[in-house]
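Please walk me through this structure, one feature at a time.

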Amino acid sequence: MSLHERTVKTTAKRFLLPFKSKAGSPPPVWLMRQAGRYLPEYRQVRTNAGSFLDLCYTPKLAAEVTLQPIRRYGFDAAILFSDILVVPEALGQKVSFIEGAGPRLDPIRSGEDLSRLDLSSSNDKFARVWDTVSMLGQKLPSETALIGFCGAPWTVATYMAEGRGSTDQAAARNWAYRDPVSFGKLIDLLTEASIAYLSGQASAGAEALQIFDSWAGSLADDEFDRWVIAPTAQIVNEIRSQHPDVPIIGFPRGASASLAKYIELTGVDGVSCDTACPLSTMQTIARMGTVVQGNLDPLLLVGGGEALDKRVDAIIDAMKGLPFVLNLGHGIVPETPPENVARLVQRIRS
Ligand code: CP3
């Protein structure tokens with residue numbers, strides 16, 4: 001059953017219209033990583049917060065940086081400010097963010113290492129994020145929707161096993177081949193934690209949820225079924241039974257060739273498409289009733305100018321009349337001049 005066939009509360013929020021089978025014209029817009037280092041006001045709060053995790057776990061500060069891009073640009077949706085690595089941190093893995101180098105974790109690579117993780121301790125940390133969501137319900141403009149999120153179990157596991165970002169996700173892929181039983185236990189634990197984390201966000205007021213699977217594209221197709229599709233389907237089923245009105249968006253980055261299968265077998269209401277996904281694929285999917293988000297190249301926001309305008313026009317034109325949300329194919333990069341984001345929003349709405 002698709003979302004619009006289920007009972008949904010009527011609302012004027014533009015971001016939610018495509019999920020009720022109504023194409024917005026112009027399309028609703030928000031951007032992945034719309035809160036972040038490209039904004040001077042973010043860098044200010046980030047410096048005062050101490051560490052990145054302190055920022056994520058302090059509701060007042062996390063709510064403030066969530067609101068910054070809404071004030072500047074009036075996006076149709078705000079995305080909760082947090083990180084996908086909050087989940088392993090809450091489970092007891094040591095996580096830190098090194099300035100200019102990205103995340104570092106004490107790697108977990110075997111069945112024995114799993115004993116360092118504990119689901120029962122995670123709720124205290126999650127509750128701080130849920131408090132941010134509640135606070136945002138009070139502070140956001142009435143026309144702005146609030147999106148909650150988590151990382152998909154596979155992508156979170158790649159960071160947990162590698163201990164950092166990687167180009168090939170080798171530590172997780174090797175573990176999954178060497179010992180699928182213990183790797184499966186990690187995926188099951190992350191699935192359970194993600195359900196609790198997302199469900200709490202929806203209960204606190206998140207109006208849509210996005211599951212970020214940034215490294216979905218690194219798996220062979222049988223492994224994709226097992227480590228991407230199966231846990232995502234479990235999360236979608238459980239969240240839907242608890243929160244039938246909250247649309248769920250999947251972002252299986254790099255997996256355009258498996259997108260139709262991903263949609264069919266996970267039951268997501270929408271997909272975020274990466275920059276390499278052909279517009280023709282996005283049209284086909286949207287015509288079949290799945291909401292499509294995407295897929296402007298974040299680098300066009302760095303350069304700006306006519307190249308940006310031309311591609312924005314082409315995407316909007318291709319998706320006219322279809323259930324579509326304009327977004328990027330991946331997150332805003334720190335080098336982005338804020339005025340180019342303003343130019344994008346103006347272009348869409350003019
Ligand atoms: O505005 C938003 O989109 C909301 C907040 C958000 C962040 N991370 C804040 C953040 C969201 C939705 C994420 C998701 C996330 N985090 C993903 C999935 C999307 C993607 O980018 O592929 C992943 C893989 C992560 C893990 C992560 N967090 C990495 C690899 C890094 C380092 C890279 C970098 O850009 O520095 C982070 C840090 C991070 N998460 C920052 C922000 C604003 C920058 C850290 C800082 O301020 O020092």
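Predicted model: local features only at pLDDT ≥ 70, side-chain atom pairs only at ≥ 80, totals over all residues.

Q: How many residues does the largest nonpolar core have?
A: A nonpolar core is a set of buried Ala, Val, Leu, Ile, Met, Phe, Trp, Tyr and Cys residues joined through side-chain atoms within 4.5 Å. Buried means under 20% relative accessible area, exposed over 50%, partly exposed in between (1.4 Å probe, protein chains only). Here the largest core has 122 residues. Phe15 and Phe183 have the most contacts inside it. Helix H8 (residues 180-204) gives the largest share of this core, 10 residues. Helices (H or I, at least four residues) and strands (E, at least two) are DSSP runs, numbered from the N terminus.

Q: Which residues does phenylalanine 183 touch?
A: Contact means heavy atoms within 4.5 Å. Not counting residues up to four places away in sequence, Phe183 touches Trp154, Ala157, Ala172, Trp175, Ala176 and Trp227.

Q: Is valine 156 buried or exposed?
A: Valine 156 is buried, because its relative accessible area is 2%. It is found in helix H6 (residues 153-162). Leaving aside neighbours within four places in sequence, valine 156 is in contact with Ile84, Pro88, Gly151 and Leu190. Valine 86 is 70 residues from valine 156 in sequence, yet the two are 9.7 Å apart in space, C-alpha to C-alpha.

Q: Which residues of helix H10 are buried?
A: In H10 (residues 259-266), they are Leu259, Tyr262, Ile263 and Thr266. They cover an arc of only 95° around the axis, so they sit on the same side of H10. The arc is that of the directions from the helix axis to the C-beta atoms. The exposed residues Ala260 and Glu264 are on the face turned away from the buried side.

Q: What do the buried residues of H10 pack against?
A: They pack against helix H9 (221-242), strand E6 (248-252), strand E7 (270-272) and helix H11 (279-287). Glycine 267 follows H10, with a positive phi near 80°.

Q: How many residues surround the ligand?
A: A residue is near a molecule if one of its heavy atoms lies within 4 Å of it. Here 23 residues surround the ligand, and the closest are Arg33, Arg37, Tyr42, Ser214 and His330. A backbone N or O atom of arginine 33 lies 2.7 Å from a ligand oxygen atom. In the side chain of tyrosine 42, an N or O atom is 2.5 Å from an oxygen atom of the ligand. The side chain of serine 214 likewise has an N or O atom 2.5 Å from a ligand oxygen atom. The protein covers 88% of the 870 Å² of accessible area that the ligand has on its own.

Q: Where does the backbone call for a second look?
A: Most residues other than glycine have a negative phi, and most peptide bonds are trans. A cis peptide bond joins serine 25 and proline 26, with omega about -5°. Proline 26 lies in the segment before helix H1 (40-49).

Definitions and conventions:
Residues numbered from 1 in each chain as written. Heavy atoms only, no water. Polar contact = N/O pair within 3.5 Å; in protein donor to acceptor, adjacent residues only side chain to side chain. Areas by Shrake-Rupley, 256 points an atom, 1.4 Å probe, with all protein chains shown as cover.
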